[in-house]
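Here are my notes on the model, point by point. Please read them with the coordinates open.

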Amino acid sequence: MKLSDFDFDLPEDLIATRPASPRSAARMLVADGDALTDAHVGDLLTWLSPGDRLVLNDTKVIPARLSGLRHRVSAEGETAAKIEVTLLDPRADGTWSSLLKPMKKIKIGEEIVFSQDLTAELVGKEDGQGMLRFNLVGDDFDAALAEAGMMPLPPYIAAKRPADAQDKEDYQTVWARHSGAVAAPTASLHFDAPLLEALRNRGVQFTYVTLHVGAGTFLPVKVEDVTSHKMHAEWGQVSAEAAAEINATKAAGGRVIPVGTTALRLIESAARSGQVEPWEGETDIFIYPGFTFHAADALMTNFHLPKSTLLMLISALMGQERVREIYAHAVKNRYRFFSYGDASLLLPHGAKTPQK
């Protein structure tokens, strides 16, 4: 399996820089068996049946992008210079692993001032990342970060425009609950309160799981033999209640449909025994063609980067040739791509929509 097998031509102007409004107004390409149908997210009720279960990632994106001034005292006196910080992961010792720009110029022991309330000291460097110890913890840290930080938009959006106040709402799901992600589970951004209520009234059920999406989700695959690619690890949790709900749906003949690749990767991590079990820890599961699915029957997801692990994941679910057809249709019909883009509902042959 070559990396080039997962390449396609994507016009630059199809990369979305703002989401649809309202959220459920986004377009949705439905791949139902052999059929392709142009629809909208608000049409989900047409394709979902009573007893189907949507699996939703309830992680909450933190405003992880910070601008600050690094301060240094030397023989020449105190100097200050701008520095950009993207928080990645909290560590067991209370520090945060972070990307710093510029990294080379900042020295261990220097202080970075982000706001009147929020400062951090660089206490270490490893693997191209800086370890920051903040002056605040707990709720005080969360409040100061919310005030000083901006949403960590993906590189392909950040290259086109800076994050702003609107992104603090747009780049967060309506059910976000557990803080820890530095990237949004973007397929979930299409849901709003009216759509959720309509789906409940339809008899569609919901299960919440947590996977804290990391910045590694945007890392490119650099090896030509994709099977040798090493995935980044992300922390997740599937509760006993969530596992029981998913297993009960499958036993009753309903379809389990993760919303987003993050929810799919998590429940498949918890299902390697053949059924979903309670699970907590870091997963670096890599799903590519040949993978055996034990939990997911279908998937709702956005349109992904060429040569990405996410494109490999949907190729495992739908088949590589089928994905080429889906993406060719999406490009030809000018669907909007990536995090703020449109959606696809991927229903493999065995998960076709039951006849009404």
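**Notes on the fold and its details**

1. Four strands form it, in the order 2-1-17-16, and the pairing is mixed. Its edge strands are strand 2 (35–40) and strand 16 (299–302), each of which pairs on one side only. Neighbouring strands here are turned by 20 degrees against each other on average, direction ignored. Terms: strands pair if DSSP finds at least two bridges between them. Helices (H or I, at least four residues) and strands (E, at least two) are DSSP runs, numbered from the N terminus. Axes are lines fitted to C-alpha atoms, for helices over the stretch in contact, with angles from 0 to 180 degrees between N-to-C directions.

2. A word on the basis. This is a predicted model: local features need pLDDT of at least 70, side-chain atom pairs count only at pLDDT 80 or more, and totals for chains, interfaces and linings use all residues. Residues are numbered from 1 along each chain as its sequence is written, and side-chain values use heavy atoms, with hydrogens and water left out.

3. Six bridges join strand 1 to strand 2, and the two run antiparallel. V30 stands opposite T37 in strand 2.

4. Six strands make a closed barrel, running 5-6-7-10-9-8 with antiparallel pairing. Strand 5 (residues 65–74) and strand 8 (residues 111–113) run antiparallel and are joined by three bridges. R70 has I112 in strand 8 as its bridge partner.

5. Two peptide bonds deserve a check. Most residues other than glycine have a negative phi, and most peptide bonds are trans. The bond joining S21 and P22 is cis, with omega about -5 degrees. P22 sits in the segment before strand 1. The bond from K101 to P102 is also cis, omega near 0 degrees. P102 is in the loop between strand 7 (96–101) and strand 8.

6. Check phi as well, in the loop between helix 9 and strand 17. R334 is found there, and its phi is positive, near 60 degrees. F338 lies in that loop too, with a positive phi near 75 degrees. Is F338 buried or exposed? F338 is buried, at 4% relative accessible area. R334 counts as partly exposed, at 45%. The cut-offs: buried is under 20% relative accessible area, exposed over 50%, partly exposed in between (1.4 Å probe, protein chains only).

7. Aromatic rings come next. Rings of Phe, Tyr and Trp (its six-membered ring) pair if their centres lie within 6.5 Å; planes under 30 degrees apart are stacked, over 60 edge-to-face, the rest tilted. The count comes to 16 aromatic pairs. F291 and F293 have ring centres 5.0 Å apart and planes at 75 degrees, so this pair is edge-to-face. F291 is buried, at 18%. Y327 and F337 are also edge-to-face, with centres 5.9 Å apart and planes at 75 degrees. This pair links distant parts of the chain: Y327 in helix 9 (residues 320–332) and F337 in the loop between helix 9 and strand 17 (343–347), 10 residues apart. Both Y327 and F337 are buried.

8. Ring pairs link F8, Y156, F303, Y327, Y335, F337 and F338 into a cluster. R27 lies over the face of Y335, 3.8 Å from the ring centre. R177 lies over the face of Y208, at 5.0 Å. The rule: NZ of Lys or CZ of Arg is within 6 Å of the ring centre and within 35 degrees of the ring normal.
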